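Good morning, and thank you for coming. Please keep the structure in view as I speak.

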Amino acid sequence: PLRPGVEVENIGGHLNAYTSREQTVFYAKTFKKDVPQAMDILGDILLNSKFSEDAVERERAVILKEHEEVNNQMEEVIFDRLHETAFRGTSLARPILGSVENIKSITRQDIVDYVQTHYTAPRMVICGAGAVDHEQLVALVSKIFANVPREPPASKKVVFEPAKFTGSDLRIRFDTMDHAHIAFAFPTAGWTDPDAFPLMVIQTLM
């Protein structure tokens, strides 16, 4: 069978994914006529991934390389340090890629456990934009994602860690560098606040 990325490329589409500190996103861009196939592929990725040992080892090497590259980009480093001090002691303080130690030690079972714990219906959002028929999308979601569990297995529990903002600062000095990299943070509207979207617009304008 074709890999999902190749399958989408064969219909002139694009498949990708990314992770932020608060969410993981899988998305596909396709022609309108190919929306059903794209949804089927996304569903297969989310619900039927095997996480083979070989695949885990391949991705481990890729992520270690990416970790090295990110640490050479001062803009990435400064925001990691900003989160580290602004949300110290909480999950938001951790870098997106994790530590080298964790990347080297994570196992297939760790990944399977994470998916079973967190990939549940109440924690998922499925949306479409552009050349998408709403009724068709709803029907596809109802069919493809009908068996997504509402809760994790009884042996697994989601741990909710509140993100607490800490007024603090972190200064790291490298006398060999020619430039200073500075970032500031302050508490503002959360995701559920009515001002969240206006603030995102302001962020884009700035």
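Predicted model: local features only at pLDDT ≥ 70, side-chain atom pairs only at ≥ 80, totals over all residues.

Let me begin with the packing of helix H4: its buried residues pack against helix H3, which covers residues 53-70. The buried residues of H4 are Val77, Asp80, Leu82, Thr85 and Ala86. Here, buried means under 20% relative accessible area, exposed means over 50%, and partly exposed lies in between, with a 1.4 Å probe and protein chains only. Helices (H or I, at least four residues) and strands (E, at least two) are DSSP runs, numbered from the N terminus.

Residues are numbered from 1 along each chain as its sequence is written, and side-chain values use heavy atoms, with hydrogens and water left out.

Returning to H4, this helix runs over residues 74-86 and has 13 residues. From its first C-alpha to its last it reaches 18 Å, close to the 18 Å expected at 1.5 Å a residue; the expected span is 1.5 Å times one less than the number of residues.

A salt bridge is a side-chain nitrogen of Lys or Arg within 4 Å of a carboxyl oxygen of Asp or Glu. Why can these two meet? Arg81 and Glu84 are 3 residues apart in helix H4, and so are separated by about one helical turn. An α-helix has 3.6 residues a turn, so residues three or four places apart point the same way. Arg81 is partly exposed at 34%, and Glu84 is partly exposed at 37%.

By this rule the count comes to 8 salt bridges. Another of them joins Lys156 to Asp113, with the closest N and O atoms 3.7 Å apart. This pair links distant parts of the chain, for Lys156 is in the loop between H7 and H8 and Asp113 is in helix H6, 43 residues apart. A further one joins Arg173 to Asp175, with the closest N and O atoms 2.6 Å apart. Arg173 is exposed at 72% relative accessible area, and Asp175 is exposed at 62%.

Now to the loops. Leaving aside neighbours within four places in sequence, Thr120 is in contact (heavy atoms within 4.5 Å) with Val148, Pro149, Arg150, Glu151 and Pro152.

Phe51 lies in the loop between helix H2 (35-48) and H3. Phe51 has a positive phi of about 50° although it is not a glycine. Most residues other than glycine have a negative phi.

Finally, the whole chain. Its secondary structure comes to 8 helices and 2 strands, and from the N terminus on the elements run α-β-β-α-α-α-α-α-α-α. Buried residues make up 19% of the 206 residues. Along its principal axes the C-alpha trace spans about 55 × 45 × 40 Å. Thank you for your attention.
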